[in-house]
Amino acid sequence: MLRARLATAAVAIPLLLAVILYRSPRPVTVLVVAVGLIGIAEYAAMAFSTQAGERGLTMLLGAVLLLGAAWVGAEPRASQVLHAALALVVVAGLVWVLLIRPDFEQGLRDLGLSMIGVFYVGFLLPHFIWLHGVGGLGPRWVIFVLVIGMAGDTGGYFVGHALGRHKLMPRVSPGKTVEGSLGIVAASLLGGAASKFIFLQELTWNEALWLSAVMAVIGQLGDLSESIMKRTFGVKESGWLFPGHGGVLDRIDSLLFPVTFLYYYVIYSQ
């Protein structure tokens with residue numbers, strides 16, 4: 001498992017840095033859209049494994065919202081495209097229940113289940129595009145999110161395996177421990193300090209450390225939230241795309257909450 005994780009990281013990290021640091025935002029937009037479409041497909045397959053219609057509806061509405069949000073990132077003054085996508089998602093979902101589901105009570109519940117996935121991926125993930133486009137530091141902010149996520153993941157893995165004794169939330173994620181959770185926070189602080197020292201000298205030390213701590217905590221909440229989905233749908237992994245890591249959703253679950261938080265922190269603190 002560890003060897004597969006290291007092999008995946010050795011390939012993915014240089015490619016990610018090349019995409020993020022490229023002079024045009026287009027590669028980041030294309031990457032986020034591609035990852036988002038796969039993530040939405042993974043969610044739809046988990047949530048509606050035996051309901052082809054609802055699976056297709058979730059993928060379609062998720063793609064509409066994802067593309068609308070990505071368009072805003074590519075064209076900052078075109079926020080009305082996102083508003084139109086949001087309206088279309090709500091209207092099309094309700095019309096689907098009205099026309100296609102005679103058991104409309106259960107249909108409405110299924111629509112709610114679908115909307116969780118549509119917004120979880122289609123709305124949260126494009127924050128990477130928006131953060132990338134913030135001022136001159138945008139690409140470095142994105143790298144900051146990834147550094148905190150990877151440092152926390154690595155620290156939690158090793159501390160949890162070496163010292164983990166007390167279960168954190170066994171019903172949600174049986175393998176996670178309190179010790180591993182503390183390891184995530186400690187490693188994220190180190191990652192934040194390294195980021196400040198290497199490529200985010202504009203941050204104060206206090207800012208770098210408290211941002212790292214907050215992102216470590218809400219990143220774990222995001223990870224556990226995705227675990228709730230998997231436990232509810234009766235699957236162990238969201239997919240198989242990344243050897244040793246599972247699917248796309250398993251890779252981005254601890255990043256979605258932090259990138260959303262950091263984007264609004266950055267734009268409102270400027």
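Me: In which helix is the place of His 132?
Reply: His 132 sits in helix 6, residues 127-132; a helix here is a DSSP run of H or I with at least four residues, numbered from the N terminus. The model is predicted, so local features need pLDDT of at least 70 and side-chain atom pairs pLDDT 80 or more, while totals for chains, interfaces and linings use all residues. Residues are numbered from 1 along each chain as its sequence is written, and side-chain values use heavy atoms, without hydrogens and water.

Me: Why does His 132 count as buried?
Reply: Its relative accessibility is 7%, and buried means under 20% relative accessible area, with exposed over 50% and partly exposed in between (1.4 Å probe, protein chains only). His 132 therefore counts as buried.

Me: What is His 132 in contact with, leaving aside its neighbours within four places in sequence?
Reply: Contact means heavy atoms within 4.5 Å. By that rule the partners of His 132, neighbours within four places in sequence left aside, are Ile 20, Pro 25, Val 28, Gly 138, Pro 139 and Val 142. Pro 25 is 107 residues from His 132 in sequence, with a C-alpha to C-alpha separation of 7.5 Å. The side chain of His 132 also has a polar atom 2.9 Å from the backbone oxygen of Ile 20.

Me: Why is Thr 58 called buried?
Reply: Thr 58 belongs to helix 3, residues 52-74. Its relative accessibility is 0%, so Thr 58 counts as buried. A polar atom of its side chain lies 2.8 Å from the backbone oxygen of Glu 54. Beyond four places in sequence, Thr 58 is in contact with Ile 40, Tyr 43, Ala 44, Phe 48, Ser 114 and Val 118.

Me: What makes helix 4 roughly antiparallel to helix 5?
Reply: Helix 4 (residues 79-100) and helix 5 (residues 104-122) pack at about 155°, their axes 9 Å apart. Angles over 145 degrees count as roughly antiparallel, under 35 as roughly parallel, 65 to 115 as roughly perpendicular and the rest as oblique. Helix 4 is therefore roughly antiparallel to helix 5. Residues making this contact include Leu 86 and Val 89 of helix 4 and Phe 104 and Gly 107 of helix 5.

Definitions and conventions
Axes fitted to C-alpha atoms, helices over the stretch in contact; angles between N-to-C directions. Helix = DSSP H or I, 4+ residues; strand = E, 2+ residues; numbered from the N terminus. Polar contact = N/O pair within 3.5 Å; in protein donor to acceptor, adjacent residues only side chain to side chain.
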